[in-house]
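Thanks for coming. I have one structure to go through today, so please look at the screen.

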Amino acid sequence: LATQEKEVALEIAIRSITKDADLNQRQITAILKAYGQDAPTILKADPYRLIEEVSGIGWRSADAIAKVVGYPQDGPQRVRAGIIYTIGDAGSTAGHLYLGVEELAVQSARNLGVELEVVERGVAEAIRAGDLMEYRKEVDGPIDVGLTASVMQEHAIAGKIIRFRTVTPETEAHIDVLAEMWGVATEAEGGEGGVGSGDGEAESGAAGGDQPGPGRPASGGHH
């Protein structure tokens with residue numbers, strides 16, 4: 001009985017904190033399951049953690065909680081989450097695996113409602129932290145960036161396609177582009193047809209929620 005009373009009291013506390021964030025019962029339950037007694041503290045300190053750690057919580061829900069608890073609009077965790085959301089959304093809605101650094105910064109600043117300079121610093125930090133991966137189509141060309149998790153998934157898929165080479169003529173051109181992008185040789189070029197060690201290894205990226213995010217790999221490509 002005492003345990004049940006504590007759980008009820010904790011749920012009431014969470015509901016009180018998030019009362020204007022419009023969370024449903026499933027989301028409240030998921031927060032309780034993920035954090036237990038620490039939930040109120042985490043919600044107030046960094047609601048953007050929920051995107052990566054709580055099922056059913058994405059950018060919009062986390063941002064709603066952040067506004068309720070008074071998290072700074074230009075706070076580092078909000079900027080990071082907004083950047084990841086923006087590039088993930090570009091992948092899910094327009095099929096862009098990569099975005100130009102400037103394009104990502106401008107779109108993110110618009111979504112976040114903060115100064116462009118703040119987001120530019122955030123993009124640079126996301127690259128350093130490994131959330132984003134740089135890609136340059138030409139040696140002296142502009143730098144594009146993609147979500148590390150999405151890029152590595154594309155890398156793995158490309159490796160499998162190239163190894164098995166069971167493709168139709170319509171996909172030949174796309175495979176050749178992927179092979180060139182990742183610096184691998186196809187069987188037709190005399191290579192072993194694998195990517196890296198061929199064991200399917202991939203670097204881990206950030207995890208996402210119910211909206212596009214680091215754990216929601218984007219499909220398609222910008223190039």
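What pattern does the chain follow, read along the sequence? It is α-α-α-α-α-α-β-α-α-β-β-α-α, with ten helices and three strands. Helices (H or I, at least four residues) and strands (E, at least two) are DSSP runs, numbered from the N terminus.

Some notes on the source. This is a predicted model, in which local features need pLDDT of at least 70 and side-chain atom pairs count only at pLDDT 80 or more, while totals for chains, interfaces and linings use all residues. Residues are numbered from 1 along each chain as its sequence is written, and side-chain values use heavy atoms, with hydrogens and water left out.

Now the chain as a whole. Of its 223 residues, 43% are buried; buried means under 20% relative accessible area, exposed over 50%, and partly exposed in between (1.4 Å probe, protein chains only).

Next, helix α6, residues 76-94. Its 19 residues reach 27 Å from the first C-alpha to the last, close to the 27 Å expected at 1.5 Å a residue; the expected span is 1.5 Å times one less than the number of residues. Buried residues in α6 include Val79, Ile83, Ile84 and Ile87. Just after α6, glycine 95 has a positive phi of about 75 degrees.

Which residue does arginine 80 meet in a salt bridge? The partner is glutamate 52, at 2.7 Å, N to O. A salt bridge here is a side-chain nitrogen of Lys or Arg within 4 Å of a carboxyl oxygen of Asp or Glu. This pair links distant parts of the chain, with arginine 80 in helix α6 and glutamate 52 in helix α4, 28 residues apart. Arginine 80 is partly exposed at 24% relative accessibility, and glutamate 52 is partly exposed at 30%.

Helix α4 covers residues 49-53 and also holds isoleucine 51, which is buried at 7%. Isoleucine 51 is 6.6 Å from alanine 62, C-alpha to C-alpha, and eleven residues from it in sequence.

In helix α5, residues 59-69, aspartate 63 and lysine 67 lie four residues apart, about one turn. They form a salt bridge with the closest N and O atoms 3.9 Å apart.

The last pair is glutamate 125 and arginine 128, with closest N and O atoms 2.9 Å apart. They sit three residues apart in helix α8, residues 116-129. Glutamate 125 is partly exposed at 40%; arginine 128 is exposed at 61%.
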